[in-house]
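Here is a short note for a colleague opening this structure for the first time. Please keep the sequence and the 3D view side by side while reading.

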Amino acid sequence: AIGAGFPLAAVGGRRDIFEAVIEGRVIHSATYHTNPVGLAACVAALKEMRVPGFFDRITRLGQMLQTGLTEAAQKAGIQAIATGVGPLFQISFADHAPKNYRDAVRSLDVEAYREFWALMLERGVLFNPHPQECWFVSAAHTEHEVELTLAAAAAAFAAMKKNGRS
């Protein structure tokens with residue numbers, strides 16, 4: 001998030017430790033720490049995040065997606081649930097929300113996730129194909145994208161059911 005999709009490196013720590021770098025007594029170098037495009041993207045991202053209501057908006061959109069995906073799966077008769085915090089969540093093809101990492105791994109249905117991923121891609125929705133990765137809502141997303149995603153998901157879940165998935 002810090003580079004708004006551009007490669008950018010950041011290091012943080014206590015002032016007393018970084019004074020040597022600030023004063024030039026120690027040289028610090030990294031590949032992306034002074035890239036002007038990455039730094040401009042970082043400044044733009046931080047400005048966007050400071051707009052009042054920014055986090056409330058993406059949190060609301062994330063909750064809409066989580067609720068809508070879970071309801072679409074239930075309506076189609078597919079065991080899947082979306083869980084997470086606001087704009088960051090996962091979809092689990094299981095009969096319950098995972099309680100912790102071990103539970104999530106134990107209940108992981110890789111085949112169902114990959115089938116869902118492929119069906120969503122056919123419908124124009126791209127997300128990470130790995131079942132343990134998260135979905136993210138960004139500042140670029142609006143209710144329109146959420147509605148399109150939920151419509152695609154409803155169709156994908158229906159196709160999964162037609163294919164014999166439960």
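1. Start at one residue pair. A82 stands opposite I91, a residue of strand β2. Bear in mind throughout that the model is predicted.

2. The strands around that pair come next. β1 and β2 run antiparallel, and five bridges join them. Together they form a hairpin, with two residues between the strands. Look at G86 in the turn: its phi is positive, at about 55°.

3. Now follow β2, residues 88-92, to its other partner. Two bridges join β2 to β3, and these strands also run antiparallel.

4. Turn to the helices. Helix α5 covers residues 110-122 and helix α6 covers residues 143-162. Their axes come within 9 Å and cross at roughly 125°. The crossing of α5 past α6 is right-handed.

5. Which residues make this contact? On the α5 side they are A112, E115, F116, L119 and M120. On the α6 side they are T149, A152, A153, A156, F157, A159 and M160. By class, the residues of the contact divide into 10 nonpolar, one polar and one charged.

6. Side chains of opposite charge can pair when their charged atoms come close. With a cut-off of 4 Å between a side-chain nitrogen of Lys or Arg and a carboxyl oxygen of Asp or Glu, the count comes to seven salt bridges.

7. One of these joins R60 to E143. The closest N and O atoms of the pair are 2.7 Å apart. Where do the two residues sit in the chain? R60 is in helix α3 (residues 54-76), and E143 is in helix α6. They are 83 residues apart, so to speak a link between distant parts of the chain.

Notes. Residues are numbered from 1 along each chain as its sequence is written. This is a predicted model: local features need pLDDT of at least 70, side-chain atom pairs count only at pLDDT 80 or more; totals for chains, interfaces and linings use all residues. Side-chain values use heavy atoms; hydrogens and water are left out. Axes are lines fitted to C-alpha atoms, for helices over the stretch in contact, and angles run from 0 to 180 degrees between N-to-C directions. Helices (H or I, at least four residues) and strands (E, at least two) are DSSP runs, numbered from the N terminus. A crossing is left-handed if the near helix is turned anticlockwise from the far one by less than a right angle, and right-handed if clockwise. Contact means heavy atoms within 4.5 Å. Ala, Val, Leu, Ile, Met, Phe, Trp, Tyr, Cys and Pro count as nonpolar, Asp, Glu, Lys and Arg as charged, and the others, Gly among them, as polar. Two strands pair if DSSP finds at least two bridges between them.
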